[in-house]
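This report describes a structure at the level of its salt bridges, its chain contact and selected residues. The sequence and the coordinates are shown first.

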Amino acid sequence: MECHLCRLPDNTALKQQKLPTHRLHFSAKKILFIFFATGIFCLCMGIILLLSAKSTQEIEINYTKICANCAKVRENAFNFDKECTCSIPFSLTKKMKGNVYMYYKLYGFYQNLYRYVRSRSNRQLVGKDVKAVNSCAPFKMFHNETPIVPCGAIANSIFNDTIILSYNVNSSLQIPVPMLKTGLTWWTDAYVKFQNPKADNLANAFEGTTKPPYWQKPIYELDKEDPGNNGFLNDDFIVWMRTAAFPTFKKLYRHLNRTQHFTAGLPAGNYSFNITYNFPVTRFYGKKSVVLCTTTWSGGSSLYIGLAYTVTGAITWLAAFSMMAIHMGLKNKKMPIIHQSNEALKEKAENRNGQ
Amino acid sequence: MEDTGVRGAAQRRRKAPHELRPEGPTSMDTLTYPEDLKDAFTWDIKANSRAYNWQFKAKVFLCWHRPKYKTNVIHTAKYNFFSFLPRNLYEQFHSVSNLYFLLIIILQSIPEISTLPWFTLFAPLVCLIVIHATRDLVDDISRHRSDRAINNRPCQVLVENSFIWQKWKNLCVGDVVRLSKDNIVPADLLLLASTEPSSLCYVETADIDGETNLKFRQALMVTHHELTNPRKMASFRGRVMCEEPNSRMHQFVGHLEWNGNMYPLDIGNILLRGCKIRNTDACYGMVIYAGFDTKIMKNCGKIHLKRTKLDLLMNKLVVLILLSLVVVSIVLAVSFGFQMREFRDKHYYLWIPYRGGVAMESFFIFWGFLTLLSGMVPIAMFIIAEFIYVGNSKFINWDEEMYYAPQDVPAKARSTNLNDQLGQVEYIFSDKTGTLTQNILTFKKCCIDGYIYGPDSESRTSKENPYLWNQFADGKLRFHNKKLLDIVRAKRDKVVQEFWRVLAICHTVMVQRKDNLLVYQAASPDEEALVTAARNFGYVFLSRTQDTITLMELGEERVYQVLAMMDFNSSRKRMSVLVRNPEGTICLYTKGADTVILERLHKKHVTKLTTEEALAAFAKESLRTLCLAYKEVDEAMYERWHQQHEEAGVLLQNRVQALQELYNEMEQSLNLLGATGIEDRLQDGVPVTIECLKKANIKIWVLTGDKQETAVNISFACQLLSENMVILEEKKILHILETCWDPKNLLTNKGLRNLTQHSKFAMVVDGDFLDKLLLSLRKEPRALIQNMEADESWQEPYKGVRDFLQGRSISRLWRSFSAQLTQTKSKALKTRESPEMQRERAFMELASRCQAVICCRVTPKQKALVVALVKKYQQVVTLAIGDGANDVNMIKTADIGVGLAGQEGTQAVQNSDFALGQFCFLQRLLLVHGRWSYMRVCKFLRYFIYKTLAIMMPQIWFAFYNGFSAQTLYEGWFLALFNLLYSTLPVLYIGLFEQDVSASQSLQMPELYVAGQKDELFNYWVFLQAITHGTATSLVNFLMTLWTSRDTAGPCSYSDHQSFAVVMALSGLLCITMEVILIIKYWTMLGVVAVFLNLSFYGVMTYITQSSWLYRISPKTFPFLYADRNVLSCPSTVLVILLNMSLNTLPVLALRVIRQTLKKPLPKEEAKEKAPDEEIFTVEPMPSLHRGLRHRRSSYDFSHCEGYANLISQGTILKRSL
């Protein structure tokens, strides 16, 4: 008896499972409210997006076939050092307002194969150790002696066409549209992920290494004019190294430097792309094209997402209305039953549904 | 002179062992000395000579030997300080889930196969192993502690002529030990001598077989006579040759060789480890088996794992997932083969990394996919489930409302893995005594000479004890009746005097004096209640010898000479004692069941009618009644009878029958004295509980060793049976089975259905009937134990221990395979059923339609068989509840065993899965905790499968876009931490805290319980739903993100792999979080914290793994530098994630709402149908089947074994000194 009640469990809310609680019960009203609210949100969002999509413009020019002669040259691997250019004229009927972005777009190029994606050396690219090529198989060393810089399959297959956009002010005068080749990447890519090795001269930094087999010039000659855009820090290189998720992808190539004629964007008129055709795509039945577009506040043309929002919103409203109808119908039907049955039954039914 | 008499009795005992053996199970003829086994006695022990005993060696391994005889040390702990790490790791990697993990990690480390970063799988595995190891360590530490406590118990060992206190662990075979009263026997001992006459030694074997009645063991006469002091014992050099240690508790063969003579030994000479010495001042024994050789330790392996339906289902599903994973991997690998060929031909930039042949690379890719998709196998589910089970068990332990204050007993979940099964119980098998009833019998009413004396009403009873005048009163009798007391004390009424005399004389109670207080030990609680009542009324039973009984009658000591004792047995239903009172008159005092007494009365009895009325009144109050009678026998008649009795006593054949006839002859023309009414009180709340459980569609069977009348009586009292029920008895059942169940044409049970459709049935059967019925089950010893492993371990204890260890670790997966195998086997068997099986099936069919089934007079084994019967023919969850050792079998056999911590020792609790204080707590255990646990586990499973698929499936979809190259979609760290941190807490919250309805509502609406019985909340269909839901979520996320990503441009594009991965991971995570928010119905702060923590874990861990600091350290391990921050800074990605969330959540929400609204009318319709049902059929439709007369419900209820009369009359048991 000296131990009366000594094994009595503690009377705490947690142990007795009686914590203060809010039971989440979805009444018809709440559900309908949720549906209508989401519906409205989606609809508004969709309409806004669609409207803003309307203001954007996009031009895509597939130049795989247009530059047929060049394609043929590239099909033969022995012609790798033969330069081939072609010019593609096009006209803008409406002017492109605001920031204009230029992309290259590849079709059927698998930049997401596991082995391909793995074949790079982040260590090398961060500039710490240029000769760290371990993870770069099969493009590690040239003749098993000199390490390749930048090593790996990704870097090796870099997109190496040059595309220059020119504006035909009039039939005789053609001026190149000023384009910026920097600022294309994430800030962290340019400032953390990719760093040139420390040396007074870039060429010296990469001494004792060789260029990838498909490359025409070494890494330190990617942009001779701008030392900030050279070596690993070259934006085109960084953009390429950020591998795409799907076999069809576009990568940012240039964006408009809004000066002179182009402060408001690209004026309507005749333009032409002058392309140095290096990148072979016909061998894998791929396509390449160049894309010019403006963006909305949300990024991209947002046509698709706008549509998705609109449709979702509409369907949600429809669902909400039909649910309301069902609810009303059942309520009217159930009335007599509820009146007949006693209070306990009502409670029971509710609780059973509550589970 | 006296001593020879005792020895004579003892020798007689040796000759006729069967007659004198109350132990029961020893009926195997252990005494037939197996001559041919003599050579098999390889266990050779010499007393007091350790050197001799140590010379025996047993081979362990090659030429390494150890002493053959173990010391008394016991190690049940698995590990020691050094062996813990290696052994625990070894054990853990025995489990298939861990092995699977390990295999995947090994595959992972092969560069050709590797598709995931090393840490993705390594981190979860390390976590799993650390958690498991911690748990094992904690368990083992407590085992070490209890081992140490047991090994250090003290006992007295003979060392050089004197007994010295030593620790248990220092005992060796051959040592002589001295035990005193209430000591626990430290090892298996050969009883050498005791202080009791004829070296009897009383033991209580409650801890071994749970039987609480006293048993006696006896030393050999030769040792009893020779070993009278320590010096003689020290020089004792007897040699015991016996069988090797084994687990047979009730068998022992061997012989003692001493001074050139051989003396046979059997189990009657052995004290087993774990017994308790009772009523014996001191006894001496020699250690035969020590430590792990003892019989009890040999029996210790029999832990059988009970596993729940859900657990099995879970394992099956995991295997299913694993298999489908393999299939998916194969398909994807083959696709890769085709794609590879194309790549090789065209994609110059791609095929270079793939240097092997197509077949080779496809093979690698297969394994690659297997590792990549390994996240889909919900291995983490098991460990979280373990936490959930433990948590729910804790809640049971903590429940205040299941705490039984009078005994200070809280509820206890002894096995932690059966909680969800508590929510699915369909059959409850209940013991009666001590479970439904309190097993406290109180003297409630009596009828003397036609007058009924009931307890005085509360107001009239004075506060003080009316029995104070009586120095022998125990002060606990609650029966107060002033009038009767006055009559008794006035000593005027002869009938009243004789009434109490009968109660004080006619019994087999043993008395003991403890500190000047009388302690009665009775064979049945009824007897104790009666003798105690008499004692309080001044007729005190003081002592008995072989042929006298001493009473203190209202202060006057009287010695009655016992001339004959005619003991109770089940057919006689009465007991009589023939005594010569101090005045010299011979009297016969009889008590017995009303039916037998009333027909033996003297004719022209006046009070017969009034007494019968009283009996009926008592019966109506569910009292157990008993008639008392006496007669005076004249000397001449006694002489004649006595002579016959003597003759019959030495008959060799039909002795029992002859004696019974003689007894019957004597017990004629009795004078009725009156009747007693004893109350067998129901436990609190039993009727309410039973009614509630019945509403929950749980069928309750009462299995009791009691007689039919008592059982039926109690069943009525606790409303298991009601007046409007048709009670089927043996004949009726047989009739129905024959007429309605034709083995050739199973369809005729339509008739049965018609029969049972319109009225409520109940069934009352007894043990003999079951014996005849359960033929095929008896042949299957396995039927009693649930799984095969455990069964094997029963025979081989050592293996059993190992089996158990493995049992936990051995592939849950493989076991589920074997379960399936056995299932198909049983199906095959079904088609070729033997007639016995068909009979059993028919019986089961009938029984399952009865509202209540009562089995009386069943033995413990039959109880288990009944449970096995139900389990065999109805695939349902069974629960057995009981408090006594006789329920242990059934508790072990049932899917869930519940032990009541009651009066009958702790055996039931020891073997149970759940221990309760009272029967009524069962209601809360099942309807609240069981239902919650089931609901929680189901919800947990469903959600876990959903979330795993929702997150992991996109990897498969992604494979279609990356040339089936087994490219990871997500960041490696996301995959590694997803199951560990990003999604566990809400899942755990669901499993631990979720409540669909509150506890009080659960109790008010027992109907809700039915969902569990029908497996409604988790089954293959729900599993399919979860899979579909998960797949849908993954598809929506993947496709929406894919399509919108093509559309993006500018700096906000997320079409690169890393951004895409981030968007997918975030959408997935938020979708499953939304789902969990919708699923949880019981929101507390904890839930909010869980969800919040979960998401913040994602935030924090992503911040860390994507930080520039870590990138600089190891750019390869942390490649997603600032990915989340860059992606989320764009409004378009946020818009996509929002879109994904609403697209996933809204349809599911809508579907649920629609289902709810459509379901709503259903329960009402049911209720409407139900209501008239009851009204119409309350009228008894088939009176022909109605049970017999009501007022014959009560009767005399002795425990169904005979009393000690035999021992008493032979005097073996009694001390002369009294």
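E58(A) is partly exposed, with a relative accessible area of 43%. In this predicted model, the side chain of E58(A) forms a salt bridge with that of K250(A), at 3.9 Å from N to O. The two residues belong to distant parts of the chain: E58(A) is in strand 2 (residues 58-62) of chain A and K250(A) in strand 11 (residues 249-256) of chain A, 192 residues apart.

| Salt bridge | N to O distance |
|---|---|
| K250(A) and E58(A) | 3.9 Å |
| R115(A) and E361(B) | 3.4 Å |
| K70(B) and D293(B) | 3.3 Å |
| K863(B) and D887(B) | 2.6 Å |

Within chain B, K70(B) and D293(B) meet in a salt bridge of 3.3 Å. K70(B) is in the loop between strand 3 (64-67) and helix 3 (84-92) of chain B, and D293(B) is in the loop between strand 15 (282-289) and helix 8 (295-298) of chain B, so this pair ties together parts 223 residues apart in sequence. K70(B) is partly exposed at 22% relative accessible area, whereas D293(B) is buried at 3%.

D887(B) and K863(B) form another salt bridge, with their closest N and O atoms 2.6 Å apart. Here D887(B) is in the loop between strand 33 (877-882) and helix 31 (888-893) of chain B, while K863(B) is in helix 30 (residues 860-873) of chain B; the pair therefore ties together parts 24 residues apart in sequence. Both count as buried: D887(B) has a relative accessible area of 0% and K863(B) one of 1%. Elsewhere, shared partners join K494(B), E498(B), R501(B), E553(B), E556(B), R558(B), E583(B) and E632(B) into one network of salt bridges.

The interface of chain A and chain B buries about 9500 Å², of which 63% is on carbon and sulfur atoms. Chain A contributes 98 residues to the contact and chain B contributes 109 residues. Three salt bridges cross this interface. The side chains of R115(A) and E361(B) form a salt bridge at 3.4 Å. There are also 28 residue pairs in polar contact between the two chains. On the side of chain A that touches chain B, the elements giving two or more residues include helix 1 (28-54), strand 5 (100-107) and helix 9 (303-340) of chain A. Helix 9 of chain A gives the most, with 13 residues.

Chain B has 45 helices and 36 strands, and 59% of its 1218 residues are buried. Two of its buried residues illustrate polar contacts. N392(B), in helix 12 (residues 379-398) of chain B, has 2% relative accessibility. Its side chain makes a polar contact of 2.6 Å with the side chain of R936(B). R217(B), in strand 9 (residues 215-218) of chain B, has 7% relative accessibility, and its side chain reaches the backbone oxygen of I270(B) at 3.2 Å.

Chain B exposes about 50000 Å², with 58% of it supplied by carbon and sulfur atoms. M1085(B), V1088(B), V1089(B), F1092(B) and L1093(B) make a nonpolar surface patch of about 480 Å². Of these, F1092(B) is in helix 40 (residues 1085-1105) of chain B and is exposed at 58% relative accessible area.

Methods
Residues numbered from 1 in each chain as written. Chains lettered and ligands numbered in written order. Predicted model: local features only at pLDDT ≥ 70, side-chain atom pairs only at ≥ 80, totals over all residues. Heavy atoms only, no water. Patch = residues over 30% accessible without salt bridge, like charges linked within 9 Å, V, L, I, M, F, W, Y side chains within 5 Å. Areas by Shrake-Rupley, 256 points an atom, 1.4 Å probe, with all protein chains shown as cover. Salt bridge = Lys/Arg side-chain N within 4 Å of Asp/Glu carboxyl O. Helix = DSSP H or I, 4+ residues; strand = E, 2+ residues; numbered from the N terminus. Buried < 20%, exposed > 50% of the residue type's maximum accessible area, 1.4 Å probe, protein only. Contact = heavy atoms within 4.5 Å. Buried area = accessible area lost by both parts, 1.4 Å probe. Polar contact = N/O pair within 3.5 Å; in protein donor to acceptor, adjacent residues only side chain to side chain.
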